[in-house]
Amino acid sequence: MSSYSSSSTEQNGQLGKATSDIRTDNEKLVVRQKINNNSNSNYSSSSAGAVGAAVHQRETALKGRCDSVGSVFTEDCNEMNINGGRADEGVVESPVLGGSQTSLSEERLRRKLQFFFMNPIEKWQAKRRFPYKFVVQVIKIVLVTLQLCLFAHSRYMHVNYTWDNTITFSHMFLRGWDITMEVSTYPPETGPLSVYAIDEFFQTIDYAIDGYANLSEAIGPYSYPNEDNTMPPMQFCLYRYKDGTIFGFNESYVFNPEIDTLCLDLDSNVTAIGSRKYLHQKDIHINFSALVKAELKFAIKTVNFKAAGPITAPDCYQFDILIFFNNQDHDGQMTLKLEAEPMRLICHGDVEFIKNSQIDDALRSALNILVIVICVVSFALCARAIYRAQLLRIITADFFQQVYGKDLTLEGKMEFVNMWYIMIVCNDVLLIIGSALKEQIEQKHFIADDWNLCSLLLGIGNLLVWFGVLRYLGFFKTYNVVILTLKKAAPKILRFLLCALLIYAGFTFCGWLVLGPYHIKFRSLSTTSECLFSLINGDDMFATFTIMSEKSVMLWWFCRIYLYSFTSLYIYVVLSLFISVIMDAYDTIKKYYKDGFPQSDLRLFVGPYHPNDFSTGVFRDDDFDCDQRIGFLESLKRIFCFWRSNRDRGPTGYTSLIPKASSSSSAEGYVS
């Protein structure tokens, strides 16, 4: 019984191999015809007759093989007769490659290309190759998302804590600060905090000095930066023109635009005598017509208990506070602004609590290191896949040049450029740098500015990771429609947007110039562009019309015509055309799914593969893995040196369909 089973299995394997060979030989005849039909061939009648006779002889051999297999594969033989039986009609199908070695090399290359274009599931079925890249991407998306969630929570706590302290410092050190200024509204309910008189300027400085001297009365746990908690002197800096004297009564002035800087420390006795008298004692007299700006600097230390938890230790900060007096416009209004820059310090707190908090630090560090490791593995796998794809492109291009006498088209060459892998390589680089920076931040080596850079790297990297999931969804027809529609519509969208942006730029510059002095939404180029983009989406239209000042009747009417023209053009015309471009691409993709996608010369050469081929083991043969050894430096030269002349790669202008004798040696192998 067992011998019968083994013999039956062997017979089935031979039959499967035979039908695969028959189907492959039949397909090669048709594919060669389609490829060579794209070339400009000049044949004599004698050459055509010789080729036709060779094709007829090969078909006779194929029919004999069909008859030897039996009636089980009648359908495949019938298909061969239909596709390959045109030689009797006097039609030249394609040249027969010279020698069995060339035919074997062609078959190996075709199988290699078929395997290259398979998805991970088909590769597993064909060769039992484990989908390493797919598994790595799944693990990476889980780890990176977990890392981002933890970092986003810490980032929010840090920024929120910094903003709350900035509001507190504004109430403590800025004279005239009001609670209505805490929340930014649009349009703003109040103007900027400013001083308009000389006395107000010195009173503002005295108010900040008094608040700093009475720091112990604040609700917050604030301390002075000195080790003994004594008040250090505040630093006061003046930025003045070297000479700036105005004689308004006779329209004259004396002016030297070079800026001179003067900084001095305000001692503790300033609180007793006042800043104005203190500066007079130092023989410093402020000429406000020459004053460009003034800065008052000091520092405060504090400890943050808010982020503390069961294993999370408190954070220690030093806030470098800057009160900025801006008089650059010299318009009689000196605006005030307070900035607090946090810097994390190493805490020296409860020793037992610090030991417990080391668990949290170890877990976060382990996650960062794990993300870096998985991203390095992903980078290596995808970079290797990109490199091998280019080696396969080189071998395929050489084969087409030496066998078919034609270059591989640009569309065929782009088949070897996997943009998904390139995107994955880019996000791996971003995630590796961001994770390393995150580890340094959590080890308290960096200050606040690096939080922004780290969040930018991790955010973009995570965005590209989630985009990469679309590659695997694209293996399913239902989801692939979206991706193919975007790919098909992308060139038309770019051309359409170029024209639309030119019109948009004209409206933007015109609105900024004409309406800027009279409309709050057109004060700058950026706000003008933001206002127009909001109008395209139907946002805040009525307010945009009504805010326009009525100081100039001519510009008031111009504003109406301008806004009506822009909204009508972009909402009713541009957006409608934009949607129609996408819908046209969608209809084209649906038609392709119904009637078939257009095939490049490379796809015609590769041809379809059948699920039955997976069980025959043709993709797992040893011959299938044979390599054509190309040196690393030579491969890089072939990949990147696009300036290389065509004669270095093979003959050019070769139009004959008869293969050259050297084709057997050139197509000996291919890259695994």
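Modeller: His 330 sits in the loop between strand 5 (315-326) and strand 6 (334-345). Keep in mind that this is a predicted model. The phi of His 330 is near 50°, a positive value in a residue other than glycine. His 330 has 32% relative accessibility, so it counts as partly exposed.

Asp 283 also has a positive phi, about 60°, and is not a glycine. Its loop runs between helix 9 (275-281) and strand 4 (291-304). Asp 283 counts as exposed because its relative accessibility is 59%.

Helix 9 leads on to the charged pairs. The structure holds eight salt bridges. One of them joins Arg 276 to Asp 199, with the closest N and O atoms 2.6 Å apart. This pair links distant parts of the chain: Arg 276 is in helix 9, Asp 199 is in helix 7 (residues 198-213), and 77 residues separate them. Arg 276 is partly exposed at 36% relative accessibility. Asp 199 is partly exposed too, with a relative accessible area of 42%.

Another salt bridge brings together the side chains of Lys 242 and Glu 258, at 3.6 Å from N to O. Here strand 2 (residues 234-247) supplies Lys 242 and strand 3 (residues 252-266) supplies Glu 258, 16 residues apart. Glu 258 has a relative accessible area of 45%, so it is partly exposed.

Loops can hold such pairs as well. Asp 540 and Lys 521 form a salt bridge at 2.6 Å, N to O. Asp 540 lies in the loop between helix 15 (525-536) and helix 16 (541-546), while Lys 521 lies in the loop between helix 14 and helix 15, 19 residues apart. Asp 540 is partly exposed at 35%. Lys 521 is buried, with a relative accessible area of 7%.

Arg 560, in helix 17 (residues 553-595), makes a contrast. Arg 560 is buried but has no salt bridge; Glu 550, the nearest side chain of opposite charge, is 6.4 Å away. A salt bridge needs a side-chain nitrogen within 4 Å of a carboxyl oxygen. The Arg 560 side chain does reach the backbone oxygen of Phe 545, at 2.8 Å. Beyond its neighbours within four places in sequence, Arg 560 is in contact with Phe 545, Thr 546 and Met 548.

Last, the surface. A nonpolar patch covers about 820 Å², and its members include Trp 466, Phe 476 and Tyr 479. Helix 13 (residues 449-473) gives the largest share, six residues. Tyr 479 belongs to helix 14 (residues 477-515) and is partly exposed at 47% relative accessibility.

Note on methods
Residues numbered from 1 in each chain as written. Predicted model: local features only at pLDDT ≥ 70, side-chain atom pairs only at ≥ 80, totals over all residues. Heavy atoms only, no water. Patch = residues over 30% accessible without salt bridge, like charges linked within 9 Å, V, L, I, M, F, W, Y side chains within 5 Å. Areas by Shrake-Rupley, 256 points an atom, 1.4 Å probe, with all protein chains shown as cover. Helix = DSSP H or I, 4+ residues; strand = E, 2+ residues; numbered from the N terminus. Buried < 20%, exposed > 50% of the residue type's maximum accessible area, 1.4 Å probe, protein only. Lys, Arg positive; Asp, Glu negative; His and termini not counted. Polar contact = N/O pair within 3.5 Å; in protein donor to acceptor, adjacent residues only side chain to side chain. Contact = heavy atoms within 4.5 Å.
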